[in-house]
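Reader: Please present the model, so that some questions about it can be taken in turn.

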Amino acid sequence: MSSASSINSISPPSPPPSPTMSMASINSDISEQPRKIKVMIIDDNAINLTILSRLLNKHFADTIQLTSVMDSGVSALDQLSKDQVDLILMDIDMPVLSGVQTTTAIRSSDNHDILVQNKNVPIIAVTTSDAAEQRELYRQVGMADCVSKPIALPKLRMAIESAMKTIPALSTG
Amino acid sequence: MLELVVHRRTAELKGLDADDRATDSGTETDPDEYDNVDSIIDHTTFDQLLDLDDEDHTFTRGLVDRYFDQAKKTFIEMESAIASKNYPELSRLGHFFKGSSAALGLTKIKDSCEKLLQHLGNLKDTVAAKPISLSEDETVIRELLEQMRKEYEQVETFLKLFYDGEQ
């Protein structure tokens with residue numbers, strides 16, 4: 001081995017941290033890599049679930065982890081009693097439990113089955129039932145926003161970004 | 001580029017011979033129907049779906065095939081709901097079909113589902129908005145369902161040509 005190659009293989013030492021930086025800030029810079037937000041989608045129509053899943057996986061892959069794909073309000077409530085999510089995209093017109101009824105059940109203080117962490121999760125309605133009075137109803141039951149079907153990507157992006165601002169600072173998980 | 005796909009395909013379909021567009025009933029499709037293709041499919045929505053597609057259109061073709069199956073099943077269930085005067089079930093089916101039709105950009109069918117739902121919601125004549133008898137209800141509902149079927153046939157013909165024409 002030549003001395004030239006051994007010199008080339010040596011990395012110069014890193015500059016020492018500035019005296020003005022605290023150890024806490026140095027450690028926090030390393031550890032605060034934002035994790036992806038965990039998203040649940042709910043729709044009784046498999047075609048709609050397929051499209052929304054594909055949209056999220058293609059256009060929001062950097063920020064979203066699609067963790068739950070549910071085909072009913074009932075199955076969503078069951079899942080929310082087991083796993084924590086950061087955001088829910090929910091259809092409204094579903095049999096047995098509508099999106100409004102499911103949201104009401106999530107928000108209800110009497111429902112002790114839902115994980116506490118999920119009680120105030122932002123919920124975005126994704127629906128063809130998007131008249132003004134219906135949007136007001138969604139707001140009243142605790143939904144954060146309403147995106148009309150067919151989904152326009154810019155509007156979905158805006159609704160998700162707005163909802164994400166309400167999510168407490170994410171830590172590595 | 002993708003935005004041009006549907007429009008180019010539509011233009012190609014307009015150039016097809018009338019014989020190539022014969023319907024199952026044996027009658028030729030009116031060439032003018034394809035001049036109204038913009039009213040059948042919302043191009044913005046469909047282009048957005050094509051943007052999600054695989055190179056060989058496997059994804060959207062799969063969606064469309066599932067929609068065809070869903071539509072056939074839904075029409076049968078709607079007929080059954082009408083026959084048994086099960087209007088809540090008919091409403092559920094209307095919402096269901098409206099949702100997937102909207103997601104695929106099938107504007108006319110979506111609008112017809114909305115008319116059906118409004119009618120079921122109010123149980124009034126769709127034109128004059130006046131209370132009508134139950135027998136007239138069923139007549140209006142059947143007319144709306146028949147309209148929906150015709151619109152679906154237009155969509156099915158167009159989409160089959162759109163995908164099969166590429167083979």
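Reader: How much accessible surface does chain B have, and what share of it belongs to carbon and sulfur atoms?

Author: This is a predicted model, in which local features need pLDDT of at least 70, side-chain atom pairs count only at pLDDT 80 or more, and totals for chains, interfaces and linings use all residues. Residues are numbered from 1 along each chain as its sequence is written, chains are lettered from A and ligands numbered from 1 in the order in which they are written, and side-chain values use heavy atoms, with hydrogens and water left out. By the Shrake-Rupley method with a 1.4 Å probe, where only the protein chains shown count as cover for residues, the surface of chain B is about 8500 Å², and the carbon and sulfur share is 50%.

Reader: How many helices and strands does chain B have?

Author: Helices (H or I, at least four residues) and strands (E, at least two) are DSSP runs, numbered from the N terminus. Along the sequence the pattern is α-α-α-α-α-α-α, and the count for chain B is seven helices and zero strands.

Reader: Is H43(B) buried or exposed?

Author: H43(B) belongs to helix α3 (residues 43-51) of chain B. Buried means under 20% relative accessible area, exposed over 50%, and partly exposed in between (1.4 Å probe, protein chains only). Because its relative accessible area is 10%, H43(B) is buried.

Reader: Which residue of chain A does UniProt list as a modified residue?

Author: UniProt positions are given in the numbering used here, feature names are shortened, and annotations may be inferred rather than shown by experiment. For "modified residue: 4-aspartylphosphate", the unreviewed UniProt entry lists D91(A).
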